[in-house]
Amino acid sequence: MNANTPLRVIPLGGLGEIGKNMMALEYGDDIVVIDAGVLFPSEDMPGVDFAIPDIGYLVENREKVRALLITHGHEDHIGALPYILGDLDVPVYASRLSHGLISVKLREHGRLRDAKLNVVEPHEPFSVGDFRVEFFRVCHSIPDAMGIAVTTP
């Protein structure tokens with residue numbers, strides 16, 4: 001890459017709504033996805049159990065998608081995982097508690113065996129494609145929540 005390579009920030013859900021949190025970062029030939037949540041329906045959505053983000057762009061560019069990075073274990077951040085991991089066969093990185101919650105959810109949907117789950121510790125950076133990723137602790141209403149610092153070359 002060079003200094004003119006753009007970093008694309010692609011919100012796929014969670015903006016202007018509570019739930020369905022998902023954001024993609026694209027740099028060159030690499031995409032990392034932050035969170036994969038569901039949206040619980042409002043009263044004006046009868047018969048809908050939940051909604052998941054539109055991952056069409058990620059599926060079209062699946063050869064670029066390197067990882068899913070999970071900030072915490074609330075449903076609006078992990079609830080879509082059983083429904084999208086079949087289309088995006090990538091590793092999932094999460095804190096220890098989030099990893100446990102994700103494991104239970106994937107087991108319930110028969111997807112645990114094929115999942116590539118990884119526990120991350122705060123302040124232990126690692127690389128995903130051209131991205132350098134480092135999780136750090138944040139205060140939230142669920143234990144073991146983390147923020148994510150993602151840098152490019």
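Reader: Is V138 buried, partly exposed or exposed, and why?
Author: This is a predicted model, and in it V138 counts as partly exposed because its relative accessible area is 37%, which falls between the 20% and 50% cut-offs.

Reader: Where is V138?
Author: V138 sits in the loop between β8 and β9.

Reader: And what is V138 in contact with, leaving aside neighbours within four places in sequence?
Author: A145, M146 and G147.

Reader: How many residues apart along the chain are V138 and D35, and what separates their C-alpha atoms?
Author: They are 103 residues apart along the chain, and 15 Å separates the C-alpha atoms.

Reader: OK, back to the strands. What's the order in that open sheet of three?
Author: The order is β7-β8-β9, and the pairing is antiparallel. The edges are β7 (126–128) and β9 (146–151), each pairing on one side only. From one strand to the next, the twist averages 35°.

Reader: How many bridges between β7 and β8?
Author: Three, with β8 covering residues 131–137. As for F126, its bridge partner in β8 is V133.

Reader: Switching to charges. How many salt bridges does the structure hold?
Author: Seven. One of them joins the side chains of K105 and E75, at 3.0 Å from N to O. That pair links distant parts of the chain, with K105 in helix α4 (residues 96–108) and E75 in helix α2 (residues 75–78), 30 residues apart.

Reader: Are those two buried or exposed, or something in between?
Author: K105 counts as buried because its relative accessibility is 12%, while E75 is partly exposed at 31%.

Reader: What about R96 and E121?
Author: Their side chains meet in a salt bridge too, at 2.8 Å from N to O. R96 is in helix α4, and E121 is in the loop between β6 (116–119) and β7, 25 residues apart. R96 counts as exposed at 53% relative accessibility, and E121 as partly exposed at 29%.

Reader: Last one: why does T5 count as buried?
Author: Because its relative accessibility is 19%, and buried means under 20%. T5 lies in the segment before β1 (7–13). Leaving aside neighbours within four places in sequence, T5 is in contact with Y27 and G28.

Technical notes:
Residues are numbered from 1 along each chain as its sequence is written. This is a predicted model: local features need pLDDT of at least 70, side-chain atom pairs count only at pLDDT 80 or more; totals for chains, interfaces and linings use all residues. Side-chain values use heavy atoms; hydrogens and water are left out. Two strands pair if DSSP finds at least two bridges between them. Helices (H or I, at least four residues) and strands (E, at least two) are DSSP runs, numbered from the N terminus. Axes are lines fitted to C-alpha atoms, for helices over the stretch in contact, and angles run from 0 to 180 degrees between N-to-C directions. Buried means under 20% relative accessible area, exposed over 50%, partly exposed in between (1.4 Å probe, protein chains only). Contact means heavy atoms within 4.5 Å. A salt bridge is a side-chain nitrogen of Lys or Arg within 4 Å of a carboxyl oxygen of Asp or Glu.
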